[in-house]
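Please study the sequence and the structure before reading each solution.

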Amino acid sequence: LYVFIFFSWACSPKPDQLPKPTSFPNTAKGNFDAYWEGIRQNYLFFPYQTVDWRSQYETYVSKVQANTSSEELLSIIQSMSEVLIDRHREIQ
């Protein structure tokens, strides 16, 4: 048991070795960018779909203004995400 604990500790990354998270300001644009970047880095189905996620950004980012409300931002993000179809989304 002690050997397992030692190797678990020795093989785990140290805090200074972990990737630094990108921080985004807590604004409508910052939240939009954080969502877009999170999908860009983590969406598993890009290899199986012909989605130009960069184009989605360019299309929808202009709709986000400094005075965009949370409800409006959610609507923009939902519209942008409609091209991402997988089993977690209901197809209508």
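**Exercise 1.** Which residues does Asp33 touch, not counting residues up to four places away in sequence?

*Solution.* The model is a predicted one. Begin by locating the residue: Asp33 lies in helix α2. Not counting residues up to four places away in sequence, Asp33 touches Phe24 and Tyr57. Next, consider the second of these partners. Asp33 and Tyr57 are 24 residues apart along the chain, and their C-alpha atoms are separated by 8.6 Å.

**Exercise 2.** Decide whether Asp33 and Gln56 are buried or exposed.

*Solution.* The cut-off required is that a residue under 20% relative accessible area is buried. Asp33 has a relative accessibility of 14% and therefore counts as buried. Gln56, which is found in helix α3, has a relative accessible area of 13%, so Gln56 is buried too. Not counting residues up to four places away in sequence, Gln56 touches Met80 and Val83.

**Exercise 3.** Describe how α2 packs against α4.

*Solution.* In general, two packed helices are described by the angle between their axes and the distance between the axes. Step one is to state both values: the axes of α2 (residues 28-42) and α4 (residues 70-81) come within 11 Å and cross at roughly 25°. Step two is to classify the angle. Angles under 35 degrees count as roughly parallel, and α2 and α4 are therefore roughly parallel to each other. Step three is the handedness, and here α2 passes α4 in a right-handed crossing. Step four is to list the residues that meet: Ala28, Asn31, Phe32, Tyr35 and Trp36 from α2, with Leu73, Ile76, Ile77, Met80 and Ser81 from α4. The residues of this contact comprise eight nonpolar, two polar and no charged.

**Exercise 4.** Describe how α3 packs against α4.

*Solution.* The axes of α3 and α4 are 10 Å apart, and the helices pack at an angle of about 145°. The crossing of α3 past α4 is right-handed. On the α3 side the contact is made by Trp53, Gln56, Tyr57 and Tyr60, and on the α4 side by Ile76, Ser79, Met80 and Ser81. Five of the contact residues are nonpolar, three are polar and none is charged.

**Exercise 5.** Which residues touch the most other members of the largest nonpolar core?

*Solution.* This core has 16 residues, and Phe32 and Trp53 touch the most other members. At least two residues of the core come from each of α2, α3 and α4. Finally, examine Phe32 itself: not counting residues up to four places away in sequence, the residues touched by Phe32 include Tyr57, Val64, Leu73 and Met80.

Notes:
Residues are numbered from 1 along each chain as its sequence is written. This is a predicted model: local features need pLDDT of at least 70, side-chain atom pairs count only at pLDDT 80 or more; totals for chains, interfaces and linings use all residues. Side-chain values use heavy atoms; hydrogens and water are left out. Axes are lines fitted to C-alpha atoms, for helices over the stretch in contact, and angles run from 0 to 180 degrees between N-to-C directions. Helices (H or I, at least four residues) and strands (E, at least two) are DSSP runs, numbered from the N terminus. Angles under 35 degrees count as roughly parallel, over 145 as roughly antiparallel, 65 to 115 as roughly perpendicular and the rest as oblique. A crossing is left-handed if the near helix is turned anticlockwise from the far one by less than a right angle, and right-handed if clockwise. Contact means heavy atoms within 4.5 Å. Ala, Val, Leu, Ile, Met, Phe, Trp, Tyr, Cys and Pro count as nonpolar, Asp, Glu, Lys and Arg as charged, and the others, Gly among them, as polar. A nonpolar core is a set of buried Ala, Val, Leu, Ile, Met, Phe, Trp, Tyr and Cys residues joined through side-chain atoms within 4.5 Å. Buried means under 20% relative accessible area, exposed over 50%, partly exposed in between (1.4 Å probe, protein chains only).
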